[in-house]
Amino acid sequence: YNLEDALNGARGFAQMGLRTRLPLNQDWLGDLNVERVSTTQGASTGDFTALGIGFEYLPAKVKFTTRYELRMGERDDTHVLTTAGARRLSDSLSLFTRERIFFVSPDSGASRVDGDGTVGLAYRPVDNDRLNFLFKLQGLKGAGAKGTGAPLARSYLGIFEMNYQPAARFNLLSRLALKESVDRIEGERFGS
């Protein structure tokens, strides 16, 4: 059970499902899932049933996954295609990405394509963990998985995080994030 808007308890919902993972061979893994999200308190406009299938490729230095999901909702049906991967460039350095495409077919109105993506670089030394960092870029077009916002909304986010330990029991943490969001509501452009 999850509770949104927890301060006033405006919306609660139950999530129930079944997922099975099957090894296909030494490097490939498959999975199937069925899931139901149902509102227990508040507006039930986001309820859906989802069916999904996915495959993962898991050798030592490369990880790759792809998945297709059909979400049958009360207001729209959404087809979600996800692909993600990571590549270990060295023992300390990894490159990763995840891309999702949402084909949204509402009960009323025109269909649309939304999407989001992430690409990043992580430095985490195995032999000496005194300095590590994470850099990632994210982009979002439309409402994506959230089902909120205008179909023409766009946002871009860049994050740099660093952790440095100059001495035992002393850590310095830093984070820099830059975000740009633009949307068009009733013909007028808004941005931040």
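Strands here are DSSP runs of E with at least two residues, and helices are runs of H or I with at least four, both numbered from the N terminus. Keep in mind that this is a predicted model, where local features need pLDDT of at least 70 and side-chain atom pairs count only at pLDDT 80 or more, while totals for chains, interfaces and linings use all residues. Residues are numbered from 1 along each chain as its sequence is written, and side-chain values use heavy atoms, with hydrogens and water left out.

**Stop 1: the whole chain.** Switch to cartoon: you'll find twelve strands and zero helices. Of the 192 residues, 27% are buried (buried is under 20% relative accessible area, exposed is over 50%, partly exposed is in between, with a 1.4 Å probe and protein chains only). Take contacts (heavy atoms within 4.5 Å) between residues at least 6 apart in sequence: 36% of them join residues at least 24 apart.

**Stop 2: D116.** Now select D116, which sits in strand β8, residues 112–123. Is D116 buried or exposed? It counts as buried, because its relative accessibility is 12%. Show the side chain of R100 too, and you'll see a polar contact of 2.6 Å between the side chains of D116 and R100. (A polar contact is a pair of N or O atoms within 3.5 Å; within protein, one must be able to donate a hydrogen and the other to accept it, and residues adjacent in sequence count only if both atoms are side-chain atoms.) Leaving out residues up to four places away in sequence, D116 also touches several others, including F102, G139 and L140.

Stop 3: Rings of Phe, Tyr and Trp (its six-membered ring) pair if their centres lie within 6.5 Å; planes under 30 degrees apart are stacked, over 60 edge-to-face, and the rest tilted. The protein has three aromatic pairs by that rule. Y123 and F133 count as stacked because their ring centres are 5.4 Å apart and their planes are at 25°. Y123 is partly exposed at 28% relative accessible area, and F133 is partly exposed at 23%.

**Stop 4: Q26.** Finish in the loop between β2 (11–23) and β3 (28–41), where you'll find Q26. Q26 counts as exposed, because its relative accessibility is 76%.
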